[in-house]
Amino acid sequence: MRTLYIHADFMEFEVKKPTPMAESITDQQKTGRMEEVLVAFITVEKNDQDRVEAVASQASADIIETAKKVGAERIMLYPYAHLSPDLSNAETGKRMLKEMESIVSGEGWDVHRAPFGWYKAFKISCKGHPLSELSREIAGEEKVDAPKGEERFIVLLPDGTEIDPKDFKDGTECFQIMMGKEALKKEWPATGEVKYTRLCKKFGMNWESMSDSGHMCFTPKGALMFDLAADYSARIVNSILPVYTVKGTNMFALDEGPVAEHAKLFGDRLYTIKGEKRDFVLRYAACHQQFAMMRLWNISYKTLPFGAFEVADSYRLEQSGETMLCFRTRRMNMPDMHVMCKDIPESEEWFSRLDERIYEEAGKLDRDYEMLVNFSSWNAYIQHKDMLMEIVRKHNKPALLHFYPEGINYYWTVNIEYHILDDMKRAREIGTVQIDIGNAQRFGITYTDEEGKKQYPIILHTAVIGTIERYLYMILDTAVQMEAKGKVGTLPTWIQPEQVRFMNVTDGHLAKAKELAMKVQSAGIRVSLDDRSETVGKKVREAKQDWVGYAVVIGDKEMESDNLVVFDRAQNKNVDMTLAQLIEKVRSEIGDMPFRPMYMPMELNRRVDL
RNA sequence: GCCACUGUGGCUUAGCGGUAUAGCGACGCCUUGGUAAGGCGUAGGUCGAGGGUUCAAUUCCCUCCAGUGGCUCCA
């Protein structure tokens with residue numbers, strides 16, 4: 001259906017002569033006039049024929065909403081065949097208009113339906129304000145997954161008690177805020193100034209204005225941090241179980257059955273592109289690729305469980321007004337692992353282990369999670385209750401259980417969203433783990449069991465540190481919160497773009513500074529050299545602004561002695577140490593975290609201003 | 001997507017019906033300086049895009065685009 005709305009001072013019409021499909025009308029119905037009216041010109045299309053009720057209710061709702069918004073007092077429904085080349089048959093058209101008339105009047109509106117199938121003359125006076133003319137296309141999609149029943153929430157305590165969220169007053173601030181938002185539909189608390197974007201800019205993480213909304217670009221510092229986080233995500237999964245690392249494409253044809261089915265379950269937010277012959281969906285996680293590969297693998301029960309892993313560029317068409325730097329993007333990078341398990345008990349065992357690791361990784365950044373546990377049905381809760389109780393007891397914290405309306409065919413049965421409380425007092429989901437019982441069958445992934453029979457594995461989905469972007473968000477937010485407490489904001493040493501910077505006092509000290517920098521660099525540390533002809537004060541100022549971990553001035557004193565005066569950002573003071581001690585200190589802080597060399601020249605004199 | 005606000009050189013920004021501030025940065029010269037900005041100078045902008053009102057629009061109005069905040073959404 002296509003519609004055109006005009007908010008008018010008045011609208012009047014008069015029928016001229018009938019067309020062959022004209023409805024029979026009385027003399028009284030041959031003219032009509034309304035004032036302060038929203039006129040809806042309506043074209044019923046062929047597509048609407050098999051779903052008159054859905055279209056009529058959607059269109060009526062939209063008309064009423066618009067009428068309220070513009071402040072119209074009355075509504076006129078005006079059949080108007082000229083908005084579409086693809087008309088429905090006359091029967092459908094008449095039925096649609098009558099249906100809409102009854103819905104709109106049922107809502108208490110003064111409504112007038114102009115006769116169908118007559119040539120009419122009309123006079124209209126459009127108000128001309130911005131919303132006074134609007135057009136719509138109404139698809140009237142049948143809601144395939146129409147929720148049956150209500151969603152509900154329960155707070156599950158470590159002692160096994162189940163509490164209604166509105167009666168639960170304990171738990172962390174994060175838990176209360178998450179519960180308020182999710183279960184009690186409370187508004188977020190008032191937010192302060194958004195501070196993390198300052199750090200995004202400082203470290204070169206920005207929107208790319210020449211792309212679609214929600215696409216980020218990273219200049220060298222950000223690119224380096226990004227890659228280090230991605231390296232780390234790979235290291236984590238490989239330390240958990242045997243992992244097959246793969247690389248895939250990011251687009252899949254929508255005419256492939258499993259892809260289409262999976263897409264349907266994902267709902268809107270699909271990012272699609274047109275190809276030459278086929279239409280494609282951009283993957284919203286690594287699922288497609290890994291499942292498409294694994295359906296071809298010969299898997300024995302002896303090799304289970306194992307993981308498949310990729311840092312997958314993933315795409316979701318988030319609403320444009322909803323994008324948020326490093327947190328909600330249309331293109332994101334998900335370190336996505338799927339764990340193939342032979343049965344439910346094995347999947348629960350590994351679900352628990354992944355949960356543990358997810359908490360551990362937040363802990364390494366001094367952050368803590370609260371759990372939002374989603375169930376696709378009450379039965380799923382009963383089925384996994386023992387596992388969940390074990391998890392809740394282990395963390396000794398409540399979990400907010402969310403039950404989706406029954407009867408929706410989700411691929412997962414249970415998933416946990418792990419939320420942190422950020423500087424703006426918002427609960428933000430970072431990590432996740434899910435149990436998937438649907439996709440093995442959908443994609444035809446099987447393993448051979450002890451008796452030589454084909455079985456469908458249970459698949460766990462997990463992003464242990466969340467998307468790379470969100471992990472960076474958590475790191476930057478942690479730094480923002482340090483500053484909020486009056487401390488100097490720092491990044492963990494391993495992910496600092498520049499761990500050490502040397503700066504010479506005069507030209508005469510440059511060779512020495514460079515020599516020391518090279519030594520530090522060869523120890524596997526990112527080091528820069530401020531060789532510009534600037535004053536020491538200025539160099540130090542900029543080193544501090546750049547959040548360099550350790551800054552060392554090289555002058556006459558350092559020419560003569562091995563002792564260095566090192567500015568230590570974390571302590572925010574100067575510390576005396578030798579070069580060997582400095583190297584040892586930085587290396588031990590990096591520990592066994594990933595290392596990459598700098599993504600830009602060592603010498604500041606050579607650097608362009610980014 | 002909806003509502004509100006914002007959009008001025010690479011960045012931060014002043015201003016306003018008569019084509020525009022300043023700082024940082026860049027570039028040049030001087031300065032060889034010891035832990036958060038050394039000095040002087042030069043270049044760089046058709047004030048987000050399009051349309052309208054006007055003798056004249058960066059300034060007022062409309063539309064669009066982009067960003068920010070809130071809402072909604074987040075199988």
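Biologist: Which residues does Leu-472 touch, not counting residues up to four places away in sequence?
Modeller: In this predicted model, Leu-472 is one of the residues that touch the most other members of the largest nonpolar core, a core of 100 residues. Helix α11, residues 468–484, provides the largest share of this core, with eight residues. Once residues up to four places away in sequence are set aside, the residues that Leu-472 touches are Met-205, Met-225, Phe-226, Ala-229 and Cys-326.

Biologist: In β2, which residue is the bridge partner of Ala-8?
Modeller: Strand β1, residues 2–18, pairs with strand β2, residues 31–43, in the antiparallel sense, and 12 bridges hold the pairing. β1 also pairs in the antiparallel sense with strand β5, residues 118–126, over nine bridges, and there Glu-14 has Ala-121 as its bridge partner. In β2, the residue that partners Ala-8 is Val-37.

Biologist: Which residue in β6 stands opposite Leu-4?
Modeller: Strand β1 is joined to strand β6, residues 133–137, by five bridges, and the two strands run antiparallel. Within β6, the residue opposite Leu-4 is Ser-135.

Biologist: Is Leu-529 buried or exposed?
Modeller: Leu-529 is found in strand β26, which covers residues 527–530. Leaving aside neighbours within four places in sequence, its contacts are Phe-502, Ala-513, Lys-514, Ala-517, Met-602, Glu-603 and Leu-604. One of these, Glu-603, is 74 residues away in sequence, yet the two C-alpha atoms are 4.8 Å apart in space. Because 25 other C-beta atoms lie within 10 Å of Leu-529, where 20 or more are needed, this residue counts as buried.

Biologist: Which helix gives the largest share of the side of domain 2 that touches domain 3?
Modeller: Chain A is divided into domain 1 (2–137), domain 2 (152–475) and domain 3 (493–606), and the C-alpha centres of domain 2 and domain 3 lie 39 Å apart. The contact between these two takes 13 residues from domain 2 and nine residues from domain 3. On the side of domain 2, the residues divide into nine nonpolar, no polar and four charged. The largest share of that side, 11 residues, comes from the helix at residues 220–238, namely α5.

Biologist: Which element gives the most to the surface near RNA strand B?
Modeller: RNA strand B is surrounded by 42 residues, of which the closest are Ser-320, Gly-321, Thr-506, Arg-541 and Gly-555. These residues divide into 16 nonpolar, 15 polar and 11 charged. At least two residues each are supplied by α6 (257–266), α13 (536–545), α14 (556–560) and β28 (563–568). The element that gives the most, with seven residues, is α13.

Biologist: What percentage of the residues of chain A count as buried?
Modeller: The secondary structure of chain A comes to 15 helices and 29 strands, and its C-alpha atoms fill a box of roughly 110 × 70 × 55 Å along the principal axes. Among contacts in chain A with a separation of 6 or more, 76% are between residues 24 or more positions apart. Of the 610 residues in chain A, the share that counts as buried is 39%.

Technical notes. Residues numbered from 1 in each chain as written. Chains lettered and ligands numbered in written order. Predicted model: local features only at pLDDT ≥ 70, side-chain atom pairs only at ≥ 80, totals over all residues. Near = placed C-beta within 6 Å. Helix = DSSP H or I, 4+ residues; strand = E, 2+ residues; numbered from the N terminus. Nonpolar A, V, L, I, M, F, W, Y, C, P; charged D, E, K, R; others polar. Domains from an automatic or database assignment. Contact = placed C-beta atoms within 7 Å. Core = buried A, V, L, I, M, F, W, Y, C linked by C-beta atoms within 7 Å. Buried ≥ 20, exposed ≤ 12 C-beta atoms within 10 Å, placed from the backbone. Pairing = 2+ DSSP bridges.
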